[in-house]
Amino acid sequence: MHVRFEARGVASELDLQPGTWTVGGAEDDGVRFPGLPPRLLELELGPSRSWVRCTRPLRVGRAVLEPGVRRWLLPEEPVRLSRSAQLRIAAVTEASGTLALVRSLLQPGTPLVCSAAAALVCVAGADAGTLFFLAGEATEVGRSPVCAVQLGDAAVSRRHLHLMRDAAGTHRVRDLGSRNRTRCNGRWLRSGRLLANGDVLAVGRSLLHYRREAPETSAPMETEGRRVSASETAPPAPPAAPSDAGDGRRSS
């Protein structure tokens, strides 16, 4: 798995083996950045997906990830390690849009489902790793079976969010008076908001990543909401081995 580290405008690429790696400034961290706190975050690298969990709040993409939350890290999504350093997981396919996400979610041998529709990707929470296409003009998100995007998160209201698609294919989102309210890119959603590609909605204990990228080819959709399931720093020291090698790093 290719991991790109950027510090002070200088990029370094490492090819890490699948497994669980700690990233931080300690001597026993699998990938060490001098100046970072020890065990700042944990990377779980798999053949098609990568997950991240941090020990202090870090910005991942457009929203802050709280400590201890396991989050699916999408291709090329930045993880801010400090003011001057970040890391990204390189895309594992020729595209990093909706089609690439579908390919990474489908099991081997499963027919490829393509769509030019926008999608919500659940990257953290009870439904983490699930992709929901937004095919209709109006889509509701919540725990209720009547919602096109039904989540299993107990902290989500029965009818939590409403998304309306405009003529350009972009979605406007508004909260439906949910008890836990909603955040968009870390800020409270106080009124209707037009979503941009890459926006992150915090719904209950779940994080929904909004994707609006057309795939290379398109085919008819099946149903709306269809589940397809998934301080200053220096360049990093050379990697040692993933945590299952018994060198003191945690594994999940």
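**View 1. Strands β14 and β15 run parallel, joined by two bridges.** Here β14 covers residues 138-142, and its Val141 has Val149 of β15 as bridge partner. Strands are DSSP runs (E, at least two residues) and helices are runs of H or I with at least four residues, numbered from the N terminus; two strands pair if DSSP finds at least two bridges between them. This is a predicted model, in which local features need pLDDT of at least 70, side-chain atom pairs count only at pLDDT 80 or more, and totals for chains, interfaces and linings use all residues. Residues are numbered from 1 along each chain as its sequence is written, and side-chain values use heavy atoms, with hydrogens and water left out.

**View 2. Stepping back, β14 and β15 belong to an open sheet of five strands.** The order is β15-β14-β16-β17-β20, with mixed pairing. At the edges sit β15 (149-150) and β20, each pairing on one side only.

View 3. Arg193 can qualify on area because its relative accessible area is 33%, or partly exposed. Buried means under 20%, exposed over 50%, and partly exposed in between (1.4 Å probe, protein chains only).

**View 4. Another open sheet of five strands has the order β4-β3-β5-β6-β9.** Its pairing is mixed as well, and the edge strands, each pairing on one side only, are β4 (31-32) and β9 (71-73). Look inside for β3 (residues 19-24) and β5 (residues 41-45), an antiparallel pair with five bridges. Gly19 has Leu45 of β5 as its bridge partner.

**View 5. Strand β13 is buried on both faces.** Five of the five residues in β13 (130-134) are buried. Thr130, Phe132 and Leu134 are on one side, with Leu131 and Phe133 on the other. Five bridges tie β13 to the antiparallel β12 (residues 118-124), and Ala119 stands opposite Phe133. Five residues separate the two strands of this hairpin, where Gly125 takes a positive phi near 120°.
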